[in-house]
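I opened the model to look up a few local features and kept these notes as I went.

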Amino acid sequence: MDSNEKKELSESDIKAKFITPAIVQAGWDEMTQIRREVTLTPGPVVVRGNLSSRNKKKKKFADYVLQKEKGVPVAVVEAKENNYTISHGLQQALGYAEILDVPCAFSSNGDGFASHNKTAAEGEDTETEFRLDAFPSPAELWARYKRFRGIADDQESLVTEPYHDDGSNKEPRYYQAEAINRVIEKVAQGEKRLLLVMATGTGKTYTTFQIIYRLWKAKKAKRILFLVDRNILADQTLVNDFKPFGTVMTKIRNRKIDPSYEVYLGLYQALTGPDEEDKIFKSVKRDFFDLIVIDECHRGSANDDSAWKEILEYFDGAIQLGMTATPKETKYASNITYFGEPIYTYSLKQGIQDGFLAPYKVVRIDIDKDIHGWTPPPGMKDDLGNEIEQREYNQIDMDRILVLNQRTRLVAERVMKLLNATDPFQKTIIFCEDIDHAERMRKAIVNASGPLAKANSKYVMRITGDSVEGKAELDNFIDPESRYPVIATTSELLTTGVDAKTCKLIVLDKTINSMTTFKQIVGRGTRIEESQNKYFFTIMDFKKATELFKDPDFDGEPVVIYEPEPDDDPVPPDPEGDGEEGEAGGEEGEGIKKYHVGGVTVHIVAERVEVYGEDGKMVTESYRDYSRKNIRQEFTSLDDFLQKWNSSKKKAAIIEALAEYGIELPKLAKEVGKDYGDFDLICHIAFDQPPLTRAERANNVKKRNYFTQYGDQARAVLEALLDKYADEGIVSIENNNVLKLDPFKQLGTPVEIINGVFGGKAQYEAALQALETELFKQAS
């Protein structure tokens, strides 16, 4: 093939004819070692007002990922058309190699390869170019990878132990594979105290399963203990991610460790307790377990007086892996002190930037008595006849010591106002100070929701540790297919671990001082659930808990400021130190005397909205402003846009290019006006041109007697296309399938219309192009 012909080939052709054969020829197995068109990250979700879409321009997409085994990547290859130089894609490949933490990146245009080798010896060039037939073999790139990651020859068999394959071709996400591989490598190198930090919603249990499975299959760990601190976590794990272990797995019950199993799921509480006879972990020898994984290990350190630590110290010869979303603690020795620095961290901020986690909107609401305080008149008694202690009560006292019934009612009404304005059936968790507060909030929501709670008594339920009825509904609450319960009021039970994928609204009416607890609560909403149209979530904060977002320990800033009056719509328009909870006696509020006061009025004094941006920065722009900025990035001027629009055979290509930025023109039309076409939306929003509706454009063409140049049949077809444009827009008339619909099918089949009326496909397309030129004439 001569060079001119080669330059005519698409990137796909270059890959198929030159790059893939060259890699295969070097010894790479096309089925198991070459992954093609690999989406590393899907691109962040952009939220503006109540609209959301993905910014696909920031999607990370590798042409080839070469792997030693499934889940063990060793190199990246980026392909380009032959019009580019050999090394043109190398910077892009290096970016992907950085994400995957591999030493080798390659670029090719079909003439040869450019290479970047991070393991090049002293005196060797880091970057080189070579012929197509000189691509490195799997053995050579694996040797580089081993050097880069510090893997010795005798560690190789463990490091390459295959992942569990369920037959679905599911590949771990890049950060999951990296976390799994780092642990396996460290274990192979003899390390025994390991810590992984992964944000809630990133698949910690799947990651844990693959780690345990690979170490178990390799016989590096014959007996494994997975420690959790919530019954539901153990049960979820049994039936979901850990199911492949089948009969070798058991949940520790009845305070007995049965030695006939290999994988054990256990609650801290089931293994230990305050008295010596409770410490059943001592019923087996100290070398009984080879591997112990501690889920949410930050919690044991702070809340359970290091219950997990006592267990770990007994089995001190085992490999011990801590999993957490929150690596820091202050009240007790931190998990970092015990495990050492994390071997891998995948943060909430990174998850949002990559597009694996949902960004969030924060609605902060200040209530007058919280902010300005309230002092009872001398001698005032509460609703039960108790004299109220004479002092100023403020936010920290609300619902812990002082219960203002009107305040509870106001919070419930505000929550329902937002739900009714968006979707009254979106799953919602309301975090309260204690069980008593959660029950009063449930009652207030029943009253505020009116017909919704009357229609189904499970519209709102209190799900707390003491409520048998509430806990019985927990599975229904977290089930995406179950409509009820819609709202859960709670205090502690739902702060952690419970996999509420579809939760779209989190309400904080709870004082939170611990960054650990706060991150866990935020984690209830961070999962993206595309099948349920859940791409972002809202946090409604009545207790200034979201001030913790400003803490340097939290890895991102919130974004959009909205300060409505108390009677304004609660839905925002387009956006413009660690300490322990001090739970006031725990969830029950035991031993704390509360004053219940019914007659004190309360009102909202301030409200503002902030939205977390895709880049973790403050954003005050609307969806419209975001669209304007990015349209102008694609088209430098109105003339540039008009030239590209008029010369484009298919306008859909321009619309798709904008969609890559996350600009969805139908969403803009809802804001600007649904009767405007794509052309006018772009001209108006980006370049301040006065817009015309589709119907006005169609009528202008008709007034100009444009169709007199055509015969009767061709004229009938073009007029029908014009009417179709007025009704549905430009994309609908560019698709030839439109000719199968009314009124076209009354004029003949698509083939009869294209060939019989217009004389062939080229003539039909020319007539359509001329019609489009006429449609958009006066703006050009």
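Entry 1, ground rules. I am working with a predicted model, in which local features need pLDDT of at least 70 and side-chain atom pairs count only at pLDDT 80 or more, while totals for chains, interfaces and linings use all residues. Residues are numbered from 1 along each chain as its sequence is written, and side-chain values use heavy atoms, with hydrogens and water left out.

I looked up the largest cavity and noted a volume of about 40 Å³; a cavity here is a set of points, on a 1 Å grid over the protein atoms alone, where a 1.4 Å probe fits but cannot get out, and lining residues have an atom within 4 Å of a point. The volume is the space filled by probe spheres set on the points, which are joined across faces, edges and corners. I listed the lining as Arg364, Ile365, Asp366, Asp541, Lys544, Glu547 and Arg608, and I recorded its division into 1 nonpolar, no polar and 6 charged residues (Asp, Glu, Lys and Arg count as charged, and Ile is among the nonpolar ones). Strand 16, residues 360–367, gives the most to this lining, with 3 residues; strands are DSSP runs of E with at least two residues, helices runs of H or I with at least four, both numbered from the N terminus.

I found Lys80 in the loop between strand 5 (72–79) and helix 3 (90–100). Lys80 is buried yet has no salt bridge, and the nearest side chain of opposite charge, that of Glu78, is 4.0 Å away. Buried means under 20% relative accessible area, exposed over 50%, and partly exposed in between, with a 1.4 Å probe and protein chains only; a salt bridge needs a side-chain nitrogen of Lys or Arg within 4 Å of a carboxyl oxygen of Asp or Glu.

I placed Cys104 in strand 6 (residues 104–108) and noted it as buried, with a relative accessible area of 0%.

I saw a cis peptide bond between Tyr484 and Pro485, with omega about -10 degrees, and another between Asp742 and Pro743, with omega about 0 degrees. Asp399, although not a glycine, has a positive phi of about 70 degrees and counts as buried at 1% relative accessibility. Asn705 also has a positive phi, near 55 degrees, but Asn705 is exposed, with a relative accessible area of 52%.

Methods
On a 1 Å grid over the protein atoms alone, a cavity is a set of points where a 1.4 Å probe fits but cannot get out, and a pocket is an open set with protein on both sides within 12 Å along at least five of seven lines; lining residues have an atom within 4 Å of a point. Lys and Arg count as positive and Asp and Glu as negative; His and the chain ends are not counted.
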